[in-house]
Amino acid sequence: MSPLLEFDNVTLSFGGLVAVDRLSFTVENGEVFAIVGPNGAGKSTAFNLISRFYDPVEGKIRLAGDDLVQHPSHDLAGLGVARTFQNIELFDQATVLENLLIGRHRFRKSNLLTEIAFTPFVRDQERQHRHAVEEVIDFLDLQPYREKRIAGLPYGVRKVVELGRALATKPRLLLLDEPASGLSVEETRDMAYWIEDIKKQMGITVLMVEHDMHLVSSVSDRVLAMADGHKLALGTPDEVQSHPAVLEAYLGAGDTADREAAE
Amino acid sequence: MRVVFKTSYDHDIGMFRHRAQATWYVLLLTGVLALPLLLGSFLIGEMTNMLIWAIAGMGLMILVGQTGQASLGHAAFLAIGAYANVILQQRAGLPFLVSFPLAGLIAGAAGVLLAIPTTRLHGIYLAIATLAVSILVEDFIVIAEPLTGGVGGMFAADITIFGYAINRYINPDAFYWLTLAVTLLVVYFYRNLLRSPLGRAFAAVRDSEISAQAMGVNVPRTKALAFGLSTGITGLAGALMGHYSGVITHENFTVIISIQMLLMIVIGGLGTIHGAFFGAMVVVFLPQALSFLRDWVSGMTGGGSVAISGLETAVFAMILIAFILFEPMGIYGRWLKIRTYFELFPFYRKNMFRRQKSYLKTERMR
Amino acid sequence: MDILQLLVSGLANGCIYGLIALGFVLIYKATEAINFAQGDMMMLGAFITLGLTNTGYMDLPFWIAVPLAIALMGVFGYLLDLIVIRRMFGEAQIAVVILTIALGFVMRFAAGTIFGHEPQSLETPYAGQDLRFGGVVLGVDEAVVVIATVALTVVLFLFFNRTKLGVAMQASSQNQLAAYYMGIPVRRVQSLIWGLAGVTATIAGVLYASKGSIDPSAGLLGIKAFAAAVIGGMGSLPGALLGGIIVGVIEPFASRYVAAGYSQIAPYLLLFLVLVFRPHGILAQVHRKKV
């Protein structure tokens, strides 16, 4: 059986700058896979390649054996890939409920005409969407914010709403771009529990980019360390953290404190 | 602020938030239906005019308020609707009941056609592209004389529905009810759109194209649909406008009208159906109010009535400036605040409505 | 010879479009806002000059009236930003567009109320004189337009590259936050740019009114000038001038070689094509949003 996600020798460059350099790795069904590395290592670029915001110059990206390059960006949700964004990209003028409902867009069976007439079929479909969304709301404890507009919500809550919106699409593969950045210690702990539950209860494969090594080592099964667009090391969190190339990349390129100060 | 206890999903899906709200709207509907019994033919004419502008405003609102695509060219689609309706009646001999929906379809198709090359444009660039279209259509009307009658314009015949003739001057009440029926239909469609997936996809495109894409929304297609719906509804308003004014020329559809339409829905309140109606009221009734005020002032001072040309536009513009600076949510936003104030009296807090950035997000690409 | 004559007359018009477009670009670069009232500021500048110099109004000498009007409009632009536009800081671009459209309406009303709605021409010392080069006739007014445009371009170039204020303006238009940290008073600089836009608008207005006549709705020319700015690329000052000249030249050629009605259409058709095929103008580059 083919792996859920496969990067096969993928290269992407912007002009002369190589952002991702012959990168190969696979993500297996049911695991939590983390990508770590200093800023500019190409982690987010790898995500954007999966989301089809960029075309790889070389190499193949496959989802369960299916070549992703054939699909436009808006097909990805339908293929079972959902994602969050580093700087939160929610629909600010809509409520939490509406944001989560947009996550259900891939299940839309109605069309313009049936919707403006609001046929019984559309009403029934709406009931199903709302039922599915309420489950996500319960799972993430979002009840107090259901009717609130995103624009007035605190950062930590938005981060959770974005996770919820991704879950509402019922994905096979969930991409989390820095799920803990900007969160407090407690919020990060909640996030860790949710990631565990997403994997164990929902059986969703998680691929994440994260700086917080504590979170990474507590939830992930395997870790890929990147620097300058290529693979440094791949293995369990402990293996990667003690890998000489990783240590050198982190210490050699200035220590962690410097890097965080620069963010 | 009323607390609504929800017991089923239908509560959220339903048209109205609670029974009292439904009651109010039924009362309002009864009121507007009975209006011809209360008002004279002049005021009913003005009400009809207001409804026509409200339809046009709702059309533009779908695009600007719901989908976040600014258009400074909607007069072009008023024109397409108006001319298509009249041409289909005169040249093809079609009855109103066929030519009217066809006019909307043609204007909608024109909108989709325009959307195909322009969906890549954002914010101000889209606005200027639509502005160019408005000017081009206006000039095209003049040039395409064999089709459109050139600068002389075209006469719109009376509306005939199953042998019953409707003319604004002869039976204004019938014209009013016809317009009202179209208005209600558009409101119903608009409201349904807001509570279904496509309406949410519009909001998604408005607020973040990139994550709309990630949620499986086909952004160019959704924009094209929004354009089509928007221009189609505006085209219907244009067709009614043709019958309302009797003669249509290129001067009814200048770029200034395009601009004014956008200003109208901003004054009313972007992103809401109510906003389209409030905006239309300002556009139609402001000149009446001003002339009334002028007569009253000259009556007080005993002097003759002095006409100040351009005063209406200037007052309109000043109201708009005040709203943009102090109440970006428009008249509807102000109304919500006043209502909440009374509902909560005396517990209203000044910061209850946080000032939010306005609906139009345009800095997608810099 | 025919072509040359068309080119020359188009060039003079194009310079005026270019000067108005310059105002759009100045403000756009500095504040990311579009000043849709730029055409109306041009009209206002022309009327102020007219009010100062025409017989029947204040009857001042032309060469005193012009600098005075320029100074007045500079102050007007500065105050406009200080009192109104500055409140829109951080709001959506299109909100500023709508606001400035409304401001333009008010300016038009003010000018119409004071000066009337009939077209009037500005009395200049050089009115009605011609220059002849072989078969090509060039009005002195047209020559003045071209010379003034070139002169203003040189002055602006020197201003932005040689003076401290000009460099500060450039810096704050490129990166407001960084400029702020470097101790540049960004807000005041923005008001000054609005003042500068008022100055260029007045120069354009004087040139326009001396070539033909001016009436309060002349501000609608701003739409065409905005088209020129977009054709040239909103981010570039030379682009604005180039766009203006392209629009100015294309008009007489369209009406000469296609049909009379097409001189109106040609600029907007070009604008539409530029937007569809080169969305950010001829002389500008595109940045994609980063996530």
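Reader: What makes Leu17(A) the bridge partner of Phe14(A), and in which strand does Leu17(A) lie?
Author: Leu17(A) lies in β2(A), where Leu17(A) is the bridge partner of Phe14(A). A strand here is a DSSP run of E with at least two residues, a helix a run of H or I with at least four, both numbered from the N terminus. As for the ground rules, this is a predicted model: local features need pLDDT of at least 70, side-chain atom pairs count only at pLDDT 80 or more, and totals for chains, interfaces and linings use all residues. Residues are numbered from 1 along each chain, chains are lettered from A, and side-chain values use heavy atoms, without hydrogens or water.

Reader: Why are β1 and β2 of chain A said to pair?
Author: Pairing needs at least two DSSP bridges. Seven bridges join β1(A) (residues 5–14) to β2(A) (residues 17–27), so these antiparallel strands pair. They form a hairpin with two residues between them, and Gly15(A) in the turn has a positive phi of about 60 degrees.

Reader: Why is the meeting of Glu126(A) and Arg200(B) called a salt bridge?
Author: The rule asks for a side-chain nitrogen of Lys or Arg within 4 Å of a carboxyl oxygen of Asp or Glu. Here the N to O distance is 3.0 Å, so the pair qualifies. The rule finds one salt bridge across the interface of chain B and chain A.

Reader: How many residues does each chain bring to the contact?
Author: With contact meaning heavy atoms within 4.5 Å, chain B brings 38 residues and chain A 42.
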